Amino acid sequence: MYSIAASSFFSPKLPKNLPFHNPNRPLFTIVRSSSVAQEIDKSSEERTESLGLKGLEFPAIKGAKRVVLVRHGQSTWNAEGRIQGSSDFSVLTSKGESQAETSRQMLIDDSFDICFSSPLRRSKRTAEIIWGAREEEIITDSDMREIDLYSFQGLLKHEGKAKHGEAFRQWQIDAPNFIIDGHYPVRELWARAKSCWDKILVHESKSVLVVAHNAVNQALVATAIGLGTEYFRILLQSNCGVSVLDFTPQTEGGNPSICLNRLNQTPGSPVAGGSSAGRKTSKRIVLVCHGVSESDLESSMPYTGNGPLNMLGNIQAQKIAELLLDLKVNTVVSGTKIASVETADTITKVQEAADCLGADCIPRYVEMKQIPDLDVESILTQSKKDASGLQNLSSGWLNRLEDDITTSLWDQSEKSWKHLLYELSKGSDQDNVVIAVGHPALHIAMMGHCLNLTKEWLGSFHLNAGSITVIDFPDGPSGRGAIRCINYTAHLGRWSIPITRSTQADEEY
């Protein structure tokens, strides 16, 4: 194993009762301001609606590259609720080791060329478990360490609140502008993430594994698809959650095309538990891509036929319904296309029967609605593009459609998204889970509206038939949505293995 080290160190005073305390060992490494940091600071200070970081440049690549990000397993300080930051005093718990082993099984068929890891022990040990018997050395890079939280590190959350008062409150509600000990931790983290991508992309490899931490993985995902620091805590990363990014070279060179293939595929169920970035949430929207239909292979555009589910599609619908049994669903909405209606009907019937084990049981009522605004198939079939290259819905395929098609899709999906928020707003003080079943293109566009983006981001996300995407609303339907997972498919067989119980505390830095 070899390392890429940073140049300067800062070592604050630690409470004497912290485990593994070595006063001669620095808690974390600081990367001083650079042109990238200044650019990101400017973006944070002058951010405008949906601006993001689309202007950032990445190294040109010669061939397609897939990067798989994994957060470390549960650590001792995760379990204690202690603020870790970039300190290196916690190690994996037995649960964390088990989660890492589960991730190893999830990724066992992936042929990685290289593995990058944070040098912190909780991450490095996770990388060693996942990397297994592979001969290639793991490269540790200090830029992949967790967010630097300076005086916060080592404190329990209630201690941070008592000791730092207003600063702790700002960290909770306005993290991008949070300042401590003269530093803006989130802005510094975004600068480091850009530096990490420069090193990852110039490496001669086609398939890369990166094992790091919650906040830094959030920053890696966000900077890759052009999102600024205001998206901190919006793209969640659970312990041992797997995220996948696809990089495709451009024929004219320059910035590669970048697509988030999946986000936070976890060892545990993505719908179990009721917290989002450490905050309790009772409002949730689950986007379900309908199963495959009998007419899909005959249609000119992927998944736009209007036939009933085929055998595979019925299996997908049943697997989706079983996965969602961890939720008490209030409403299932779908478009009017047969595949969407049949998938929604399967989910509804399984939900209604879930609590009925006795002969005298009265099934729980789940409202099912068909909403024409959730139909986008007629828009997609207007495209004159050759659909042969789209049949598998390869990453970024929506960017290859005509501008008028994507504009119509974007406008239609805005109406659909408003319908879902209206459904979510019912029963304001009660738990409310809304399931929406539709075409992958519709759900990609609705995610864009959730994230306050523009149609230029449509090619930045990918969804498969039968997948689910989970969006939590800890502040209710009028607040920002936090995306728990995108394109989750373990229930369908891909990466589907015995799962551990999910981690509840997502916000453990």
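Me: In which sense do E13 and strand E15 pair?
Reply: This is a predicted model. E13 and strand E15 (residues 432-438) are joined over 4 bridges. In E15, Ile 435 is the bridge partner of Val 332. The sense in which E13 and E15 pair is parallel.

Me: Which residue in E14 stands opposite Val 332?
Reply: E13 is also joined to strand E14 (residues 367-370), by 4 bridges, and the two run parallel. Within E14, the residue opposite Val 332 is Met 368.

Me: Which residues of strand E13 point the other way from Thr 331 and Val 333, and are they buried or exposed?
Reply: In a regular strand, side chains alternate between the two faces of the sheet. Strand E13 covers residues 331-334, with Thr 331 and Val 333 pointing one way. All of these residues are buried, and those pointing the other way are Val 332 and Ser 334.

Me: How many residues of strand E12 are buried?
Reply: Lys 283, Ile 285, Leu 287 and Cys 289 point one way from E12, while Arg 284, Val 286 and Val 288 point the other way. Strand E12 (residues 283-289) is largely enclosed by the rest of the structure, because its buried residues number 7 of the 7.

Me: Which residue in E15 is the bridge partner of Val 286?
Reply: E12 and E15 run parallel and are joined by 7 bridges. Val 286 belongs to the E12 residues that point the other way from Leu 287. Its bridge partner in E15 is Ile 435.

Me: What is the distance between the C-alpha atoms of Gly 466 and Gly 313?
Reply: Gly 466 is in the loop between helix H13 (440-450) and strand E16 (468-472). Gly 466 is buried, with a relative accessible area of 0%. Beyond its neighbours within four places in sequence, its contacts are Cys 289, His 290, Ile 320, His 491 and Leu 492. Gly 313 is 153 residues apart from Gly 466 along the chain, and their C-alpha atoms are separated by 7.8 Å.

Me: How far apart in sequence are the parts that the pair of Trp 197 and Phe 247 ties together?
Reply: The rings of Trp 197 and Phe 247 form a tilted aromatic pair, 5.1 Å centre to centre with 55° between the planes. Trp 197 lies in helix H7 (residues 185-202) and Phe 247 in strand E8 (residues 242-248), so the parts tied together are apart in sequence by 50 residues.

Me: Which ring does the charged end of Arg 82 sit over, and which does Arg 480 lie over?
Reply: The charged end of Arg 82 is 5.7 Å from the centre of the ring of Trp 77 and sits over that ring. Arg 480 is 5.4 Å from the centre of the ring whose face it lies over, that of Tyr 231.

Me: How are H5 and H6 oriented to each other?
Reply: Lys 157, Gly 160, Lys 161 and His 164 in H5 meet Glu 166, Ala 167 and Phe 168 in H6. Helix H5 (residues 157-164) and helix H6 (residues 166-173) have axes 6 Å apart and pack at an angle of about 125°. The orientation of H5 and H6 is therefore oblique.

Definitions and conventions:
Residues are numbered from 1 along each chain as its sequence is written. This is a predicted model: local features need pLDDT of at least 70, side-chain atom pairs count only at pLDDT 80 or more; totals for chains, interfaces and linings use all residues. Side-chain values use heavy atoms; hydrogens and water are left out. Rings of Phe, Tyr and Trp (its six-membered ring) pair if their centres lie within 6.5 Å; planes under 30 degrees apart count as stacked, over 60 as edge-to-face and the rest as tilted. A charge sits over a ring if NZ of Lys or CZ of Arg is within 6 Å of the ring centre and within 35 degrees of the ring normal. Buried means under 20% relative accessible area, exposed over 50%, partly exposed in between (1.4 Å probe, protein chains only). Two strands pair if DSSP finds at least two bridges between them. Axes are lines fitted to C-alpha atoms, for helices over the stretch in contact, and angles run from 0 to 180 degrees between N-to-C directions. Angles under 35 degrees count as roughly parallel, over 145 as roughly antiparallel, 65 to 115 as roughly perpendicular and the rest as oblique. Contact means heavy atoms within 4.5 Å.
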